[in-house]
Amino acid sequence: MIFRNFPMYCRKLIFSTFLLLTGLFCLMNAGYSQTAGSYLNYDELTKAVKALADSNKDFAKVESIGKTAGGREIWVLTLAKAGQVPVAERPALLIAANFEGDHLIGSSLSLEIARYLISGYATDEGIKASLDNHVFYIMPRLNPDGAENMFAAIKTGSKTNSTASDADNDGRLDEDGPDDLNKDGQITVMRVKDHNGLYRIDPDEPMLMKKADPAKGERGEYSIYPEGIDNDKDGFINEDPAGGTDINRNFMHAYPYFKENAGRYMVSEIETRSMIEWMLAHKNVAMVMTFGESDNLIVPPTSRGALSTDRPLDLVQFAQAAISEASRVGMVSEGGRGGRGRFNMGDFTRGMSAQPAADASGRSQRPAQTAATTINTSDLDYFTKASEKYKELTGIKTQPVLRNPEGAFFQYTYYQLGLPSFSTPGWGLVLPADTTRRGARGGAQRPGGTDTPAAAGGAFTMGGGGGGGRTMGGGGGQASAQAGGQQDAGSQTAGIDAAYYKYLTAAKINGFVKWQAVKHPEFGDVEVGGFTPTEISNPPAEKIAELGVSHAKFALYLSTLFAEIKVAETEVINEGGGLFRIKAEVSNEGYLPTALRQGVQARSVKPTMVQLEVKPEQIIGGNNKTNFFQALEGSGKRQKFEWLIKGKTGDQIDLKVVSQKGGTDLAKITLK
Amino acid sequence: MKTKRFLSVGLCLVIVMLAFQPINVIAQKYFSDPQFKVKLDFNRWHDVNELFADMARLEKAFPKFLKLASMGKSYEGRDLMVMTINNPETGPEMSKAAMYVDANIHGNEIQGGEVCLYTIWYLMENYGRIEEVTRLVNERVFYIVPCVNPDGRQWFMETDGGNARAGHLPVDDDNDGLIDEDGPDDMNGNGIIEQIRKYVPGQGNYRISATDKRVMEPVPFGEKGDYVLLGEEGIDNDGDGRVNEDDKGGYDPNRNWAVDWQPNYVQGGAMDFPFQLPEAKAENEFLMAHPNIAGVQAYHNSGGMILRGPGAEALGEYSGSDVRAYDEIGNNGQRILPFYKYMVIWSGLYTVHGGFIDWTNDGLGIMSFSNELWNSSQYFSSPDLLKEREDPNSPISGRKSSNFFDDKLEFGDEYVDWKPFDHPQYGKVEMGGEWKKFMGRVPPRFMNEELCHRNMAFSLYQADEMPKMEIGETNVKKIGDNVYRVWIDFTNKKVAPTITAKAATNNVVRPDLITFDGKQDIISASWISNKETFDYLNPITELIDQKQMKRLLIRNGHPGKSTRTLQYLVKGTGNITITYDSVKGGKVTKTISVN
């Protein structure tokens, strides 16, 4: 058994000892090899996953869906009790986590869910019913290479995998990463006195920085950079760190084309491709729950189907803005001035521009179709209900740091696979009473919990969208070179620094490095400080156990919602002369429809098939031999069928109903 | 005397030598064409193995220039063969801009394969004979891929040709859990999937056309015909009560690329994710491994078009500088290829999401065209015929023209007439009334060599206009104590820029690099506005604000048909070596002496 502690929690020695004992208790009880008291590196996670499977062969199986560039396996646990219906044909809930390398809490909660389900099989009726009839697929860590960075001596908070990249496109790979200037093992930010700076110390909380507002007579006094030096001497700091692609930016919905960390193209990564190929091979997955840095559970989608806005930290955004121009260095204004007009050759500039192209042929132009970018209003209720239950079970009210889900997995599974798909960070900010009124967003947070998020104005809309999304650089004008110099963080969403700082202080979490003077090789005197990477995206490890139980209960709740297709009723009428009339009613006994509206729209959920197993020529009238319907609402809604067939008394005829997400049923009909 | 005699003997010898010169040398010089080393046929359609065999013969005949390799395998395990044409004496592949030509991504759009084969053959047979061809082969690299969908091509060649557009990845078209289980069936074994008609006197809704007995036409409202049409030849293979509802294919290999990829419900045939198809994946891996590729041509058929992106309106028009370069090549293309129109895909043809040349243009920064080979207007290859076509009474007006040209030019080779057949389900019927698979999308065979040559000529023109950097004149002037001003002209005489505006915006091509190898300190580097007036007028320069003066990044590259002058102010003397290193525009170097 491995027990891992972070340095910052070492001081809680007594508490840790308590956890250790609890862990040993668990181990004896249910054959677990892990406790919930710490975050797990790859080897520890692997052991934990295998131990769960090995000691519970009745319910659990572990496999790998793919191997990363770093040689690590992406594990999937299959939890189901073998029975009459093969596992691959049962409706399944997929739980997947840790796409973003730094989001360790997701891994831990996924494992806790697995433990809860396995240990409760014998005693809990609900768990037994679910494992007997359904499947849980649990993938605790989609980005094991990225996650491993969180266990390195220096924490960078990188979300990406290890694919080498040329982030600033200067012909060199990974040549300028962060440097731990104050030797605290944390990569935070630097503030530097600068007359041209855009930022000043927040008068309300001197640990934080604000953008100066000249309209209020404020002046910028500081520039802010990521913690590091200019390793490649190009004028930028940390503009091309190790690693490449953020797995939750690499899927095909609202894909941020050509943006940093999004990968060279959609599904460019082994992790992404493995995941999609696995999804395509497991069409019985009927619902998806992910742990990640976007949310639709703590705050449900708006009545228009939009997700809540991102919740960044200003300090992080300001530092990122300092290097945003690194990938624009070297743009020469057209013709290099020297060339324009002077060395024209031939008829290069003669005005034949695009005229023939605009001369459209007679071919008909269909109106351009676009992919959906908001949740279909017919599906909205399912999301709202799930969110209500989530909040009830977990008690989480205030979202932590979040970002917009561009290229995120759970968006792909809803918009393109048509599955009910949820994402939660898995934890929330617990704010002292006085701040909940004032709110958290840049000192003006919405009251947490019950509010309706972001009315139309503030609602998140996806970059002009398309299933492929269209965040691409459109016309492609030539940006002018503005190397160096601090850029305006501009239109970005205001940060939640103030609320976040209060949360850390109130909970006594060591998640902020107080500003500390350091000598910098390029800037001279600087101060290093800010939020620590691990704590930005994860709660303290001692919260895992409690959060694990509540999320397991929520996962179990989700597994009770599946569509459930049945042949509810059959009737045979002998019309005489070898003719029989067969009537049948097919019902959906579950809560969810057999396909969400988006599943129908995207043509991704197969229509339910109703087939009468006779020879085609036996059918004289009524329905066809093979029939399909797109979707059937749940809670007992029915669909009627009627055939007039030739046959003889005593014939046995099968009536087969196959629903991709709602199981199968077979009725045996005897002609009489 | 002796000298004179000696001279006359010498003269005689010369005459004799001339007379006995091998006949073919004289013939080449004054009379017939040279013999070809490799004899190929361009007036018939090759199946996949024949294409590859011809490529192998060419490689064997021209081993110095040609290298035949496989980019990967198709779904059914066929090779995706690529021919590299490179003259190793003029530098390794990566040091020269490359033109990538592929064809046949849609399995039934076959003649691009022949154009590719012709291109390899023509370049090799004429190397050393035609000066411009020799220069092109020396200056450029060519990657020629005659068939990127060999499963589709082979299916098209071996069968009736139905559904050969896609490849052969299994797709469940009718969503019944069975895959490709009910396609058409060639019941009479003549290699063609025909129409079925049944004679039902006075009970039908079709009749035989009065003007041409081969044509079935629907009867006018209120009248009765003698025939009903019963769909295409086939049976209910899977016994589900439906006929031919799940054939092979069911997707589009040209919608599986990673720019503006859209899911199936927006873009039919897109598959589940970009590069899902083994063919597209292998091809992309080849393209990404060859950043020297600066031009792409992807041959399709038909319609007579020279297409460029964007494939969808929402992507937005290219920026002005890219459009100018495309227009110059496209407009000249219309002159090289009569009956072809230069058009933008979405506005001229139809909207395509996730198409190949959107990926190569936007995702890889390569100027890309796609020609739709063959326009049936080419039957009307004179102004008189074009005019006569408009007269409804003419035998070459409207649909009648197909039969007329087939009868008179190909002696009826492409048409299958109605013949009786005993159908297991429908009883006594007639099958026929169908064109063979080659009709419509490809030219009559005798016209194909012209198609091959003209399209090749366009692609060679595009290849010639790929960027090519040169270092022009240089100038060194002492302007202070141990301080020198160095001017260097960089020129790209070609139409295409070294980096397109789109590539620069998307940051998908490594920036051009200007490196300075010398022991001098660089005080400044700048682009100067006008060399000629610099010494007399206000010397405005565009200062290059980069930290590493000895390795300058030129992110948006060097425009087409232009010269830029770079000025260094340096401290110190000695030789400096300047290199302009462009991924797509080549690498050039010049040493300048400063003193």
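What percentage of the 595 residues of chain B count as buried? The answer is 47%, where a residue is buried if 20 or more other C-beta atoms, placed from the backbone, lie within 10 Å of its own, exposed if 12 or fewer do, and partly exposed in between.

1. Basis of the remarks. This is a predicted model, in which local features need pLDDT of at least 70 and side-chain atom pairs count only at pLDDT 80 or more, whereas totals for chains, interfaces and linings use all residues. Residues are numbered from 1 along each chain as its sequence is written, and chains are lettered from A and ligands numbered from 1 in the order in which they are written.

2. Chain B overall. Chain B has 14 helices and 25 strands, these being DSSP runs numbered from the N terminus (H or I of at least four residues for helices, E of at least two for strands). Along the principal axes, its C-alpha atoms fill a box of roughly 105 × 85 × 50 Å. Of the contacts in chain B between residues at least 6 apart in sequence, 74% join residues at least 24 apart, a contact being a pair of residues whose C-beta atoms, placed from the backbone, lie within 7 Å.

3. Domains of chain B. The assignment, which is of the automatic or database kind, gives domain 1 (48-156 + 251-374 + 453-464) and domain 2 (469-594) in chain B. Their centres, taken over C-alpha atoms, are separated by 33 Å, and the contact takes 19 residues from domain 1 of chain B and 18 residues from domain 2 of chain B. On the domain 1 side, helix 8 (320-336) and helix 10 (356-363) of chain B each supply at least two residues, and the largest share, five residues, comes from helix 8 of chain B.

4. The four-stranded sheet. Chain B holds an open sheet with the order 22-19-24-25 and antiparallel pairing, where two strands pair if DSSP finds at least two bridges between them. Strand 22 (551-554) and strand 25 (586-594) of chain B are the edge strands, each pairing on one side only. On average, neighbouring strands of this sheet are turned by 15° against each other, direction ignored. Strand 19 (residues 512-517) and strand 24 (residues 574-582) of chain B run antiparallel and are joined by five bridges, with I514(B) opposite Y580(B) in strand 24 of chain B.

5. A hairpin in chain B. Strand 1 (residues 66-73) and strand 2 (residues 79-85) of chain B run antiparallel and are joined by six bridges, and the bridge partner of S70(B) in strand 2 of chain B is M81(B). The hairpin has five residues between the strands, and G77(B) takes a positive phi near 90° in it.

6. A parallel pair in chain A. Strand 9 (residues 285-291) and strand 10 of chain A pair in the parallel sense over four bridges, and F291(A) stands opposite T424(A) in strand 10 of chain A. In a regular strand the side chains alternate between the two faces of the sheet. From strand 10 (residues 421-424) of chain A, S421(A) and S423(A) point one way and F422(A) and T424(A) the other way, and all are buried.

7. A loop residue in chain A. A602(A) is found in the loop between helix 16 (597-601) and strand 15 (608-612) of chain A, and it counts as buried because it has 24 C-beta neighbours inside 10 Å. Not counting residues up to four places away in sequence, A602(A) touches Y415(A), Q416(A), G418(A), P263(B) and Y265(B). By contrast, A602(A) and G578(A) are 24 residues apart in sequence and 43 Å apart in space, C-alpha to C-alpha.

How values were computed
Two residues are in contact if their C-beta atoms, placed from the backbone, lie within 7 Å. Axes are lines fitted to C-alpha atoms, for helices over the stretch in contact, and angles run from 0 to 180 degrees between N-to-C directions.
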